[in-house]
Protein chains: 8
Amino acid sequence: MMKEILEKVQQGILSVADAQEQLATYENLGFAKIDYHRKKRQGFSEVVFGEGKTAEQIISIINTLQLKDKAVLVTRISKEKAEQVLGTCPSFIYDETAKILFWKDSNQELRFEGYIAVVCAGTSDLPVAEEAALTAEILGCRVRRIYDVGVAGIHRLLDNIEDIQNATVTIVVAGMEGALPSVVGGLVSHPVFAVPTSIGYGASFNGVSALLTMLNSCSSGISVVNIDNGFGAAYNAALIHRLIQKGAEQNENTLS
Amino acid sequence: MMKEILEKVQQGILSVADAQEQLATYENLGFAKIDYHRKKRQGFSEVVFGEGKTAEQIISIINTLQLKDKAVLVTRISKEKAEQVLGTCPSFIYDETAKILFWKDSNQELRFEGYIAVVCAGTSDLPVAEEAALTAEILGCRVRRIYDVGVAGIHRLLDNIEDIQNATVTIVVAGMEGALPSVVGGLVSHPVFAVPTSIGYGASFNGVSALLTMLNSCSSGISVVNIDNGFGAAYNAALIHRLIQKGAEQNENTLS
Amino acid sequence: MMKEILEKVQQGILSVADAQEQLATYENLGFAKIDYHRKKRQGFSEVVFGEGKTAEQIISIINTLQLKDKAVLVTRISKEKAEQVLGTCPSFIYDETAKILFWKDSNQELRFEGYIAVVCAGTSDLPVAEEAALTAEILGCRVRRIYDVGVAGIHRLLDNIEDIQNATVTIVVAGMEGALPSVVGGLVSHPVFAVPTSIGYGASFNGVSALLTMLNSCSSGISVVNIDNGFGAAYNAALIHRLIQKGAEQNENTLS
Amino acid sequence: MMKEILEKVQQGILSVADAQEQLATYENLGFAKIDYHRKKRQGFSEVVFGEGKTAEQIISIINTLQLKDKAVLVTRISKEKAEQVLGTCPSFIYDETAKILFWKDSNQELRFEGYIAVVCAGTSDLPVAEEAALTAEILGCRVRRIYDVGVAGIHRLLDNIEDIQNATVTIVVAGMEGALPSVVGGLVSHPVFAVPTSIGYGASFNGVSALLTMLNSCSSGISVVNIDNGFGAAYNAALIHRLIQKGAEQNENTLS
Amino acid sequence: MMKEILEKVQQGILSVADAQEQLATYENLGFAKIDYHRKKRQGFSEVVFGEGKTAEQIISIINTLQLKDKAVLVTRISKEKAEQVLGTCPSFIYDETAKILFWKDSNQELRFEGYIAVVCAGTSDLPVAEEAALTAEILGCRVRRIYDVGVAGIHRLLDNIEDIQNATVTIVVAGMEGALPSVVGGLVSHPVFAVPTSIGYGASFNGVSALLTMLNSCSSGISVVNIDNGFGAAYNAALIHRLIQKGAEQNENTLS
Amino acid sequence: MMKEILEKVQQGILSVADAQEQLATYENLGFAKIDYHRKKRQGFSEVVFGEGKTAEQIISIINTLQLKDKAVLVTRISKEKAEQVLGTCPSFIYDETAKILFWKDSNQELRFEGYIAVVCAGTSDLPVAEEAALTAEILGCRVRRIYDVGVAGIHRLLDNIEDIQNATVTIVVAGMEGALPSVVGGLVSHPVFAVPTSIGYGASFNGVSALLTMLNSCSSGISVVNIDNGFGAAYNAALIHRLIQKGAEQNENTLS
Amino acid sequence: MMKEILEKVQQGILSVADAQEQLATYENLGFAKIDYHRKKRQGFSEVVFGEGKTAEQIISIINTLQLKDKAVLVTRISKEKAEQVLGTCPSFIYDETAKILFWKDSNQELRFEGYIAVVCAGTSDLPVAEEAALTAEILGCRVRRIYDVGVAGIHRLLDNIEDIQNATVTIVVAGMEGALPSVVGGLVSHPVFAVPTSIGYGASFNGVSALLTMLNSCSSGISVVNIDNGFGAAYNAALIHRLIQKGAEQNENTLS
Amino acid sequence: MMKEILEKVQQGILSVADAQEQLATYENLGFAKIDYHRKKRQGFSEVVFGEGKTAEQIISIINTLQLKDKAVLVTRISKEKAEQVLGTCPSFIYDETAKILFWKDSNQELRFEGYIAVVCAGTSDLPVAEEAALTAEILGCRVRRIYDVGVAGIHRLLDNIEDIQNATVTIVVAGMEGALPSVVGGLVSHPVFAVPTSIGYGASFNGVSALLTMLNSCSSGISVVNIDNGFGAAYNAALIHRLIQKGAEQNENTLS
């Protein structure tokens, strides 16, 4: 591209001033390329971390983002703030359990058959599990929820193991001792994202106990995100789904 | 008892000096009673914590203890020290894995059919598991060892679950993420003693991760001992075995 | 059992469909067996952890559980929620100190003479001690409460030591420095369950100081549960009581 | 499948004993299925954690594993032990930096064009980075190494950013403040596995500082494994590569 | 000075009592010298830490301080308290974001051309960044604010890098993983003061994660202040500005 | 004093130069006073912390110190270094258990009848207990050693309680759970200095568990020194002894 | 004493029943002796820890205690609760800063001239300092308050150093970095009790930073109590005052 | 510059290929600019962190660096490695206390009169203090060493306070409780860099106690570097010195 600009200058087709401007753009291309990549993943919604922002700030950010893309996802937003935003942005949907506010193209078609399994240990882990599940869905993935299958009653997990084994990626959400990802990790042959939750009391130290358990898992194929970070796990899982789809499409292109 | 002594003094049967001595004993009876209790549990060996003691100190303690009772158990004693002690106390046996040195009446008969299951997660947890298993045996209990059944391959545990379910008490030894006791605790209906081990690396923090996991277990019926404290778990388990036997015997006595 | 089913199929007594159903059950027997075990311990109430559940959720769970068994125990439930539940479930009793809501067969007869000693250090530890004591009673055990016998006035403990020594199991509840279990552990010859409480200030770190003290106890025969987990200690103690009773009964059967 | 067995029994084609055996297998199918999955991923080598095992134990495990599959990978094995093992298993290769001993089919053909980028911050992080890179290669993936591009000289990273952006998955290895994954995560649109290393001094606390940095990353698409766990990151990355390939193949099958 | 006093006494010019008083002052000169230094830096406002003081106490301190110098700076003061103080001290200004209340000579002239760059990672770090920026301004320094340039989008930082490189000192404020100072530190050749903020969740531990990141920075030229201590960083930066100015002035004097 | 100097100057008795010198001294009197105080406590030996100093450095410091006072105490000095020092300073004595090297006036007479009780929990705590006991003796106090009276066998403590109760000050040394000071503190009515030791394993965290126990003691009258700091406790105890003696002497003077 | 009782029984002077009662008393003498000691220190008020007790409970405890002794001290009691108690116990005084409620004999005469210096670093440490100062006064000691002399302005401390040096015991209260006790400890030759306070922010961790500073002090003669435990320091200091007085009195008795 | 290149292309003076190459360089100017800055600070030696590098690696790095600049500084290099390097690089000097190996232009002239005060608390802190002092000297600064002036004897510090007050920047090195920077910070009016050292025992936690003390300092004008990071403090101090010089020079230029 730089060569073409220079040749045009040489040939007198392009003025020095215009070439300068174009090269300035080019000069930033390393980062423009990044944006290009961002563009390419625009099946993915724009994401706003709602915690610590006022409803006004969120509305303003949404308005800016929607100039580029309708799909916007706001995480960790309380019911009160969400209701204020919904007053201004009525096309958005709010999920109270997941504390997620989002706009999603309802006509979006899911071409990829694979699904993400979102597994959680107890009913108290539900908000984090739903943050993960809903995020994955908004990012364009199929999701299968397998809830309340903690290790204290391992048969509940085993009764659902095939659904988990057939997923492409599994997200395991657990608080207290956080042992579930280790057990799941030993039963599947795909990547597992472990999400410790701050559920527990006493020596659970607001999720530190579960976090350490997951980091020290003796099962291979497990990686960990921050405490209560359901969004992070879903984002990772969605990236993998996109890779599989892209791989399949490239293959398709090669064959055709 | 005090009354009888006083009456004998009143009656002139007992001299003041003798009464004084008897009452002095009586006075200490609260604590003598403790020793009496100790006596009654003399099926239990005397226990010496070998770490930080020299071979000479251990030999000297053994000699003192064996005046009262032949059965002596030395825990956490290195091979070198053990060999020195064995030079002087040739009737002792040393187990290198468990790092236990002991004298045990080989004629001791195990009347109680119940057994303690000692379960461990990985081969690296073996020394602690053996400290527990051997201690329990020396304290007069039957033991069944179920090793290398960590949660990363839950089917290995499930293949052995009946043996564990039929035990009276289970000791579960696990390092790294320490998730095994939670799984076992959900599958059995008897007390489980969880022993975290210092096995692991990075964020395992020498057993702290496993310890926290076990304290936060969502399975009921689990209690925890210090990191690597296989002895402690076995001692607890043996106390329960004795209670069951005593219960059975009292019952027997009542019936006969 | 599998053999019999197959033979019936072979003999034409059982249709393939019926055999399939029966074997399906059989197939799950490993876990059905678990439920069978659960059944057998149904002298034990069903337990619901009330914290983080709404009154509505608790009522709904109670209703489901009582289809199987009348005896239900809800722990860590606040006065407000309990009152809401009592509106719908008037046959339940609420204990405000222990924060326990329960239904218990008032005709239940305690055949076993043994009792659990629940010992606590200070009056601030009372809620946790009562959670333990009441849980044990609801699970069908006799309980003797020995409260306010902290180590700062060791004579208070010694004045009550016989009551503690005569128990089958002792639960020791202590906050601040948590030294009481070590002292009790040295005076008794039965298992001691230590419960650290979050009582204290400054460097007590919400129970961590007491927890560490108990894990490091130099007395044998002590195991530890999570901070403030009075329920957990009582559950363990009740499991042991059941073992003793079962031992006695088996013995009885053998003799008769 | 169960139905067919029963029908054969009904029809007298299958004896009760044989049916019993087949059903027993079937009964374990849930877990056999797991093994089946394992089989399917046998492009993946069997993995042995070498730390804390003697050379003899490792040789014995290798011999057992190679009955099933030639490809075996031993991680965290010191030079001394590796040399002992090589004496018995001369077809193995030892990599001293990565501390990995392995057997690999040299004829193995890499059909998938995608590659894993292994990025590290400083030369001290090299052993962990190599553990990751070599593991990924042994598990059948292409790898591109981009080393010594720590954030203190961000231009070194930017000079190599295209190579990283074109990878399918990136593994970022960093000690001290562990900031590199956050920067990389903001520049790529594929999953990033962050590996904290124990490199550093003072308040780095043997990798805890880097671990926390990575868990708290404000870049989406980052997940974390245990301190120094290069193997774990590579295993996760390889699982994703397999998913992409499988996706491509399924697509291929659909089309053909 | 002591000599002169003594000579005056010798000469009878000074009474013993007066000499005694003067020498008492002299005696404390070591510390008076400190005050003299304080005087010399009186371009610097007097500073009051507002947290934990009542509005009344703050008003009283302001009144006392303003006897010596009009310029007073109150940090960490809530809106409510500030409004109460403003009722009594109407010449003060309150900045709600920075939570700073101050009086400043509006005629103060900034002779030094150099400026302090205040850089922050995310919008949530703004209050701490503003505490730093405003403090520096009140202490008489030029400030350039470069906000919302976190490492997750490194191009935002690079777009502003020249402004940062041309500063004399840079203050970098960051929460969560706190990686920004390391990146900035590698791009500039002047001192960087890193301020961790308590922004984050889960394993950010209220700023501990960011603090550790900054202490372990592999970039040279970075030093760290307490979590959320924007004031501290600004105070340090202002001290350096004063040194540069003083250096320039001394030089000026030498030359003229 | 200042007045007198000035008067002498006024009267021409003292030259300005000499007055200047004397006043310079006076000027520093605040700190000279400190030295004067030090002088007054010269019944107390000079103390050198031996750890991290070479034998040569220690010899050199001893030589300097002995110019002022013969009595020198070197703490935390290994046997090897001590032997080197003894080669040059043959009048010193080395105690291997306490790791203390000292010179003491053997003719020193102990006028005060009160004694310090040094109590320790287990034989492993002996080195720290001896550091305390020997330090107190070298600082001129009577000491009564009551060793191996840990809380696991409370009767051992109670058998010795009168000796402890009759002391003026008690030093309690304990590792593992560190419960002993709480029990002792409840039984005496004089100050107790608690010394946690680094003895223990697992969750004892090198003395942190014992330290926390002691800081959180529910007994009044307990204060704590650093882990293994037997010297510190003894120094405090000796200061109190000196106060009592001084009080007694002042009283004596008043009366006579 | 036991001998006399027995002789009286032998001689028929004492009935068995009466002897039994007397011996029972004797038997408990070890602990009765404790109470005797308590009696002797009854110059000391009875102390109630008010935190976590209701106003009703406190009133009830006060009533019980005042049967024995009028002097009662309630620490850590909020204004609200104190006002409730004052309604019932109008002879009590409440100090809002120290959060102490007490009854004190206003006629109590202070015979001992020595005083305790209570030193604090900043105005925020005042509540803890006052808890210490007021406690010491209620326990019958003279107190000199030297407040707001933190190390950031060391001359403020030095201006008051003589008052501190002339005390018998010094209590130093400090939050944030907690450096003050080290400086004071180096300037005095009497025992210093250091009280860390929970004052600070960020990495002060609610007093942990100050606590560690004090435990690691390089000044001899410092011991530490729990965070914010002003009462504990004062109690220790008062014990020492009593020892000095007792020493003086014994001396007096000896001489007369 | 870009404009000129384009004009030359337009004018046919520059071929497209050459222009492309030149613009490619230009394109990287953002980072070249960084190097330019580096160049400008080349009064500063190149720095190599020696820890974890072999002697061979260090020699190789030195050779590469010296192609650009003779002045090279290797920190944290052991005596053994240094001697190996000196064999190949005989013009280097090794300082054993500071563990620094360096080449320095002995003809370098120090134009700036200002000096850095390096203050340390105890003799054990000397290696870190020397790392700071020597680094500052090698980086071209005057240094004044004020050692062994810990807070336990505050008069030692005050005797040297003028030397510290007259410095431009002060580096304070302290272990154990780390209180010295707070005291110094209150006595000077220039920036203080605090360096915690890992010196201490027990609850010093290898420098964490000192680190926390320094972060929480109530003196303004203090910033902190990592534990034992004497180099980091010196580097910061040298950056400030350069700023002052540059300020003076710019001023000079302006005036002339």
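Modeller: Helices (H or I, at least four residues) and strands (E, at least two) are runs assigned by DSSP and numbered from the N terminus. The model is a predicted one, in which local features need pLDDT of at least 70 and side-chain atom pairs count only at pLDDT 80 or more, whereas totals for chains, interfaces and linings use all residues. Residues are numbered from 1 along each chain as its sequence is written, chains are lettered from A and ligands numbered from 1 in the order in which they are written, and side-chain values use heavy atoms, with hydrogens and water left out.

Two strands are said to pair if DSSP finds at least two bridges between them. On that basis, 4 strands of chain C form an open sheet in the order 1-2-4-3, and their pairing is mixed. Strand 1 (46-49) and strand 3 (93-95) of chain C are its edges, since each pairs on one side only. Angles here run from 0 to 180 degrees between N-to-C directions, and axes are lines fitted to C-alpha atoms, for helices over the stretch in contact. On average, neighbouring strands of this sheet are turned by 15° against each other, direction ignored.

Strand 1 of chain C is joined to strand 2 (residues 72-75) of chain C by 4 bridges in the parallel sense. Within this pair, C:Glu46 has C:Val72 of strand 2 as its bridge partner.

Helices accompany the sheet. Contact means heavy atoms within 4.5 Å. Helix 6 (residues 126-138) of chain C packs on the sheet and touches strand 2, strand 3 and strand 4 of chain C. The direction of helix 6 makes about 10° with that of strand 4 of chain C. Helix 5 (residues 79-88) of chain C lies across strand 3 and strand 4 (100-103) of chain C, and runs at about 175° to strand 3.

The expected span of a helix is 1.5 Å times one less than its number of residues. A residue is buried under 20% relative accessible area, exposed over 50% and partly exposed in between (1.4 Å probe, protein chains only). The buried residues of helix 4 of chain C are C:Ala55, C:Ile58, C:Ile59, C:Ile62, C:Leu65 and C:Gln66. Seen down the helix axis, these buried residues fall within an arc of 135°, so they line one face of helix 4 of chain C. The arc is that of the directions from the helix axis to the C-beta atoms. An α-helix has 3.6 residues a turn, so residues three or four places apart point the same way. The buried residues of helix 4 of chain C pack against strand 1, strand 2, helix 5 and strand 4 of chain C. On the face turned away from the buried side are the exposed residues C:Glu56, C:Leu67 and C:Lys68.

Chain G may be read beside this. Helix 4 (residues 55-68) of chain G has 14 residues and reaches 21 Å from its first C-alpha to its last, close to the expected 20 Å. Buried in helix 4 of chain G are G:Ala55, G:Ile58, G:Ile59, G:Ile62, G:Leu65 and G:Gln66. They too fall within an arc of 135° as seen down the axis, so they line one face of helix 4 of chain G. These buried residues pack against strand 1 (46-49), strand 2 (72-75), helix 5 (79-88) and strand 4 (100-103) of chain G. The face turned away carries the exposed residues G:Glu56, G:Leu67 and G:Lys68.

In helix 10 (residues 208-215) of chain B, 8 of 8 residues are buried.

Lastly, chain A has 11 helices and 9 strands. Of its 256 residues, 60% are buried.
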